[in-house]
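Hi there,

Here is the structure I promised to pass on.

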Amino acid sequence: MAEPIVAEPQSEAEVVPKSYLVAFVLTTFCFALWGFANDITNPLVEAFGRIFNQSTFASSFVQFAFYGGYCFMALPAALFIKRFSYKTGLLVGLALYALGGLAFIPAASVGEFMPFLIAFFVMTCGLSFLETSANPYILSMGPASTATQRLNLAQSFNPLGSIVGILTAKYAILSNINPLDGPERAELPIEEFEAMKFSDLAIVRGPYVAIGLVIATMFVLILVKKMPRNQDSDRSLDIEGTLSRLFANARYVGGVIAQAFYVGAQIMCWTFTAQYGKDVFVAEGMSAGDGATAASSFTLYSMVLFAVSRFVCTFLLKYVRPGALLMVLALGAMALLVPVIFIGGKVGLWSLVGVSGCMSLMFPTIYGIALDRVGDDAKLGAAGLVMAIAGGSVMPPLQGYLIDTWSLNFSFVLPLICFLVIAIYGLFTSKPQAPLAAAAS
């Protein structure tokens with residue numbers, strides 16, 4: 001007989017004990033900060049395509065550089081945190097994040113695409129430190145029985161930062177850069193093209209410099225605050241033993257794989273919602289610039305739905321096992337991608353918005369399932385899950401290539417395959433593990 005998917009309510013255990021409240025709030029604010037960075041950046045793939053008059057494939061290297069920084073720095077960050085502390089990891093992450101934002105000043109002055117890619121890379125090296133530190137730190141701030149709920153609660157503030165990022169991209173960047181499309185810019189005299197390019201890059205620069213200053217303020221707040229030292233007592237570096245234990249843990253290995261496909265699907269859907277929407281509005285008679293601005297509203301709708309759904313799913317986790325809910329939502333995302341691929345138009349666009357409601361649970365739940373019961377190995381284990389964010393580095397250029405060589409609609413077959421992998425992981429982890437005492441014996 002199949003086991004029920006309903007979990008026992010966990011209300012008797014505190015999600016965030018009062019002794020951790022201030023540390024929890026400060027660390028949770030970091031989730032909003034990297035949400036801002038992620039979602040102010042996604043629309044820039046289309047914007048840089050216009051500004052530099054380059055292909056979708058070339059412009060999608062924004063995501064390659066952005067999420068490549070996560071992959072490159074995750075393991076060094078984990079080793080650093082293991083040697084020092086979660087707090088120190090947060091501080092290094094904030095410092096690199098601020099440096100990357102301020103690097104937009106020289107990048108805009110040079111006027112070439114590569115310096116922006118370097119700035120994105122530096123910024124996300126910082127975000128890698130933040131995520132490698134903050135996610136397991138939040139898991140440790142209270143009872144193990146409520147760890148997944150606690151991480152989902154903290155992650156619920158990530159889309160709030162994302163919403164601010166989307167609004168900033170729409171009103172501070174996309175609405176202000178010149179609406180001419182890339183091919184139209186290419187017909188301009190070279191002096192006029194260059195003047196337009198530098199003017200637009202100055203507009204892009206402003207919000208990143210501003211967030212760099214905000215991050216510097218956050219650095220000072222965490223620096224002066226005494227933070228709990230959960231799981232910071234053991235500073236030994238038994239890398240071989242830790243890796244052996246992690247690779248022998250099927251739920252962890254599967255979680256890394258599922259996380260890579262999830263992040264790839266998320267970034268593909270959010271990056272190309274703008275282009276999908278722009279094509280819909282251009283087909284209705286809008287200019288490319290106006291269509292891109294109108295489409296950015298649908299990116300905002302996606303993020304609002306994502307934020308609301310995150311809080312709803314956090315509540316549902318009190319009663320439904322994480323793996324089971326993960327599987328159901330992954331299947332829902334696959335179903336919503338069918339009209340995106342085969343129907344198109346406004347129906348496809350709204351269906352693409354709906355996918356975000358299904359995605360809201362996925363990152364923190366995969367993370368929590370994968371690190372369940374790994375103890376101090378979570379510091380190095382977190383690196384594998386952050387390195388899995390490389391899925392967001394590799395897959396958008398692949399989809400960009402499919403868009404250039406095939407079609408925008410059918411390129412969404414790629415995220416559909418990603419959600420299939422996540423559904424399989426959800427099915428695999430939908431059964432409860434044995435109690436800790438039984439597992440130990």
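Where the two domains meet, 46 residues of domain 1 are in contact with 51 residues of domain 2, contact being heavy atoms within 4.5 Å. Domain 1 covers 13-229 and domain 2 covers 237-433, with bounds from an automatic or database domain assignment. Their centres, taken over C-alpha atoms, are 18 Å apart.

A word on the source: this is a predicted model, in which local features need pLDDT of at least 70 and side-chain atom pairs count only at pLDDT 80 or more, while totals for chains, interfaces and linings use all residues. Residues are numbered from 1 along each chain as its sequence is written, and side-chain values use heavy atoms, with hydrogens and water left out.

Back to the interface. The two domains bury about 4,400 Å² between them, and 71% of that is on carbon and sulfur atoms; buried area here is the accessible area (1.4 Å probe) that two parts lose on being put together, summed over both. On the side of domain 1 that touches domain 2, helices H2 (44-52), H3 (56-59), H4 (61-83), H7, H8 and H9 each supply at least two residues. H4 gives the most, with twelve residues. Helices are DSSP runs (H or I, at least four residues), numbered from the N terminus.

Helix H8 (residues 147-155) is mostly covered, with eight of its nine residues buried, where buried means under 20% relative accessible area (1.4 Å probe, protein chains only). Among those buried residues are Arg150, Leu151 and Asn152. What do the buried residues of H8 pack against? Their partners are H1 (21-41), H7 (113-139), H9 (158-174), H14 (288-316), H15 (322-342) and H17 (362-370).

Two single residues are also worth a look on your screen. Thr124 sits in helix H7 and is buried, with a relative accessible area of 0%. Apart from neighbours within four places in sequence, Thr124 is in contact with Ala65, Phe66, Gly69 and Tyr70.

Arg321 is in the loop between H14 and H15, and counts as buried because its relative accessibility is 11%. A polar atom of the Arg321 side chain lies 2.5 Å from the backbone oxygen of Ser430.

Best wishes

Terms used:
Buried < 20%, exposed > 50% of the residue type's maximum accessible area, 1.4 Å probe, protein only. Polar contact = N/O pair within 3.5 Å; in protein donor to acceptor, adjacent residues only side chain to side chain.
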